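Please open the model in your viewer with the sequence panel beside it, and follow the stops below in order.

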Amino acid sequence: MNLLHPETLVFWTTLFFLLFFFLFVKMAWKPILKTIKEREKSIEDALLEAEKAREEMAKLKADNQKILNEARAQRDEMLKEAKTLKEQIISKAREEAQTEAGKEIAKAKQVIESEKQAAIKALKNQVSELSINIAEKVLGEELKDKNEQIKQVDKLISDIKFN
Amino acid sequence: MNYKFFIYIFIFISFFLTGFNLSAQTEEHQAETQHSEQAGTHQENNQEPYDPTDLIHHHLSDSHDYAFELPFVHTTFHLPVILWTDKGLTVFSSADFQGDEHGHVVVEKNGQKFKRIHDLIVYADKVGEHVEPNEVTMDQRPLDFSITKNVFSMLLTFLALLLVLFYVKKSYDKNKVPRGIAGFVEPLIVFIRDMAKENIGPKFEKFVPFLLTVFFFILFSNLFGLIPFSPFGFNITGNIAVTFVLAVIVFVITNINGNKGYWTHILWPPGVPVILKPFIALIEILSIFTKPFALMIRLFANILAGHTIILTFVTLIFVFKNWGVPFASGFATIFMYISELLVAFLQAYVFTLLSAIYFGMAVKEEAH
């Protein structure tokens with residue numbers, strides 16, 4: 001408590017305070033506050049960056065998953081396509097084989113038919129010859145005129161129907 | 001438990017030192033009293049009841065001598081006396097008074113005669129023989145710009161603060177991470193800065209250095225003032241002259257930075273009927289002065305009261321001279337010391353906080 005001579009403390013307090021205030025500002029507060037501010041900023045930046053990196057990571061992960069899913073889907077589709085293709089080829093081949101076989105069969109049938117006709121014709125001829133021979137032998141003398149006889153036999157044979 | 005042992009030792013030493021200093025002062029005081037009374041044969045019989053007022057007064061007031069008191073070390077440093085007299089600047093050592101504080105020793109310097117009554121230096125030829133310090137008028141004494149005990153202690157405080165801040169800054173130069181003393185100081189700096197940001201708003205940055213200086217100066221002087229042995233145990237912030245200067249600086253900064261909104265609020269308060277405006281303005285103008293005035297009184301009264309109470313508890317021992325009293329008053333002193341520790345921080349913070357709020361009022365942009 002100093003009310004007897006207040007000018008002493010008023011003078012020196014003012015002097016010291018102002019003197020040390022400017023000294024502290026220059027020497028301490030400015031550099032210290034700057035350091036603290038810079039550090040805070042760097043921490044904030046680092047945190048933001050970490051957050052960003054994490055987001056990017058998550059995005060990358062999601063992308064990876066997407067690509068994987070796409071690849072899987074593609075693979076599935078390809079498999080499916082291949083399967084249908086295979087089936088198509090098989091069925092086509094089968095069809096072709098069938099038609100080919102049908103054709104062969106038809107050809108064979110035709111051949112058989114023509115062979116049969118030829119055989120029948122030959123048989124007919126044979127039969128007619130045999131019949132004539134038989135008839136010659138049987139009739140012999142009965143029928144002198146040979147042309148008249150063949151005409152007669154042909155007529156008879158064309159009448160015969162094979163069933 | 002080891003740490004408990006050390007705490008006991010520390011408390012014991014603190015008590016020992018406090019008690020020792022006070023008992024030494026008491027002995028001196030009593031010896032002086034007896035000497036002046038020319039006491040007779042038996043000390044005990046003639047002794048007046050012990051009066052602690054003088055001791056407490058002496059401890060709390062300023063002095064031109066710096067008594068350095070540690071156990072077994074009693075030295076008095078004589079500080080320079082610097083006077084602005086009728087005949088200009090006069091400088092001499094306080095040793096010339098030979099420790100006299102009752103106007104017995106007259107010092108002749110620069111063709112003028114001075115004597116000292118308590119801690120007040122007066123012209124020896126202009127005052128009477130038995131004059132009380134509060135009766136001395138301005139023309140009976142020179143202006144005193146001495147490096148007194150309080151001035152010297154304040155310089156020590158500022159130098160300690162300078163040292164601490166120097167180490168803090170140095171530690172940052174080496175490593176951006178706070179280490180050592182910076183780890184203790186940095187949270188306080190950040191605390192004050194954030195408080196300023198919250199109370200002042202976007203323009204807070206230019207006020208932060210001042211707020212930090214005020215905060216650390218008050219905090220350091222409060223804390224050093226609580227350490228009960230030399231060269232600490234002084235009473236800086238408990239001086240109304242010191243808190244007056246701080247309050248004036250706050251007043252000046254506030255009003256220099258006052259923007260249009262601040263002055264409108266004071267001189268033409270919005271939201272008040274026109275007929276009332278002059279009266280409200282009068283109150284507002286008064287409040288410009290009462291705010292720093294409250295700052296001044298609050299800090300001064302808190303610290304002064306704290307010192308007074310602690311000293312009172314300790315001197316109770318010498319008043320009662322009873323073996324039981326030291327325990328009771330010792331316990332009370334410990335309690336006061338703990339609460340004063342809190343007050344030291346609290347008052348430094350409150351002064352800074354209120355300064356920030358006043359600055360905030362001055363620079364705040366009108367929101368309504």
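Helices (H or I, at least four residues) and strands (E, at least two) are here DSSP runs, numbered from the N terminus. This is a predicted model, in which local features need pLDDT of at least 70 and side-chain atom pairs count only at pLDDT 80 or more, while totals for chains, interfaces and linings use all residues. Residues are numbered from 1 along each chain as its sequence is written, and chains are lettered from A and ligands numbered from 1 in the order in which they are written.

Begin with chain B, coloured by domain: an automatic or database domain assignment, the origin of such bounds, divides chain B into domain 1 (80-146) and domain 2 (151-363). The centres of these two domains of chain B, taken over C-alpha atoms, are 33 Å apart.

Next, select strands S3 (residues 80-85) and S4 (residues 88-93) of chain B, which pair in the antiparallel sense over six bridges; two strands count as paired if DSSP finds at least two bridges between them. A hairpin of two residues links S3(B) to S4(B), and Trp84(B) faces Leu89(B) in S4(B) across the pairing. The result is an open, antiparallel sheet of three strands in the order S4-S3-S8 (chain B), whose edge strands, S4 and S8 of chain B, each pair on one side only.

Most residues other than glycine have a negative phi. Gln98(B), although not a glycine, has a positive phi of about 55°. Is Gln98(B) buried or exposed? Gln98(B) counts as exposed because it has 11 C-beta neighbours inside 10 Å, where 12 or fewer other C-beta atoms within 10 Å make a residue exposed, 20 or more make it buried, and numbers in between make it partly exposed, with C-beta atoms placed from the backbone.

A second stop of this kind is Lys321(B), in the loop between helix H9 (277-320) and helix H10 (325-363) of chain B. Lys321(B) is not a glycine, yet has a positive phi of about 50°, and it counts as exposed because it has 9 C-beta neighbours inside 10 Å.

Now turn to the nonpolar cores, each a set of buried Ala, Val, Leu, Ile, Met, Phe, Trp, Tyr and Cys residues joined through C-beta atoms within 7 Å. The largest has 57 residues, and those that touch the most other members include Ala196(B), Phe207(B) and Leu211(B). Helix H1 (6-139) of chain A is among the helices that each supply at least two residues of this core, and H6(B) gives the largest share, 11 residues. A second, separate core of 12 residues includes Val81(B), Phe114(B), Ile121(B) and Val127(B).

Finally, display both chains: the contact takes 30 residues from chain A and 40 residues from chain B, two residues being in contact if their C-beta atoms, placed from the backbone, lie within 7 Å.
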